[in-house]
Amino acid sequence: MPLAVLKRLKLKLIIHRLLPADEQAHLVDVLSSDPAFDKSSIHYLGRTEKFRLALKKEKRLAQLAIEHGWSSEMQAHAEALCDTPAQFGLHKSMFLTTLRNMGTDEQRKEFLEPAERFEIIGCYA
């Protein structure tokens, strides 16, 4: 394949925030085989049960991300594939992002690393 075509394909992946096909297939395989992401009974659950199911999903996503060494981009795609509202959205979208982009090296060491492992959870009030 010519270099220009490869660069265009890579640019398309970046612009549309798509993962390469092998990484996308990996995510689909992992998530579809895990019972934590089964939504077959979601329409019959009450509010409390849906909340608990979402917490279970969030916990399992964090475990899988650590087990498989997923990047933050792969984690975001995994969440999109799950298509379930998540309780840790603010932690991931604002807290981690702020620490990554605006934190000092010392702050990243003290807060970002534990936050990425979900040892601490960031929130805003």
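Me: Why are helix 2 and helix 3 called oblique to each other?

Reply: Keep in mind that this is a predicted model. The axes of helix 2 (residues 21-32) and helix 3 (residues 47-68) cross at roughly 130°. Roughly perpendicular covers 65 to 115 degrees and roughly antiparallel starts over 145, with the rest counting as oblique, so helix 2 and helix 3 are oblique to each other. As for handedness, helix 2 passes helix 3 in a right-handed crossing.

Me: How do you know which residues of helix 2 and helix 3 meet?

Reply: Contact takes heavy atoms within 4.5 Å. On the helix 2 side, that picks out His 26, Val 30 and Leu 31, and they meet Leu 61, Leu 64 and His 68 in helix 3. By class, this contact has four nonpolar residues, two polar and no charged.

Me: What makes up the lining of the largest pocket, by class?

Reply: Six charged residues, three nonpolar and two polar. Lysine and arginine count as charged, and Lys 92 and Arg 100 are among the residues nearest the pocket's centre, along with Ser 72, Gln 75 and Ala 76. The volume of this pocket is about 220 Å³.

Me: Which elements give two or more residues to that lining?

Reply: Helix 4 (72-82) and helix 5 (89-102).

Terms used. Residues are numbered from 1 along each chain as its sequence is written. This is a predicted model: local features need pLDDT of at least 70, side-chain atom pairs count only at pLDDT 80 or more; totals for chains, interfaces and linings use all residues. Side-chain values use heavy atoms; hydrogens and water are left out. Axes are lines fitted to C-alpha atoms, for helices over the stretch in contact, and angles run from 0 to 180 degrees between N-to-C directions. Helices (H or I, at least four residues) and strands (E, at least two) are DSSP runs, numbered from the N terminus. Angles under 35 degrees count as roughly parallel, over 145 as roughly antiparallel, 65 to 115 as roughly perpendicular and the rest as oblique. A crossing is left-handed if the near helix is turned anticlockwise from the far one by less than a right angle, and right-handed if clockwise. On a 1 Å grid over the protein atoms alone, a cavity is a set of points where a 1.4 Å probe fits but cannot get out, and a pocket is an open set with protein on both sides within 12 Å along at least five of seven lines; lining residues have an atom within 4 Å of a point. Grid points are joined across faces, edges and corners, and a volume is the space filled by probe spheres set on the points.
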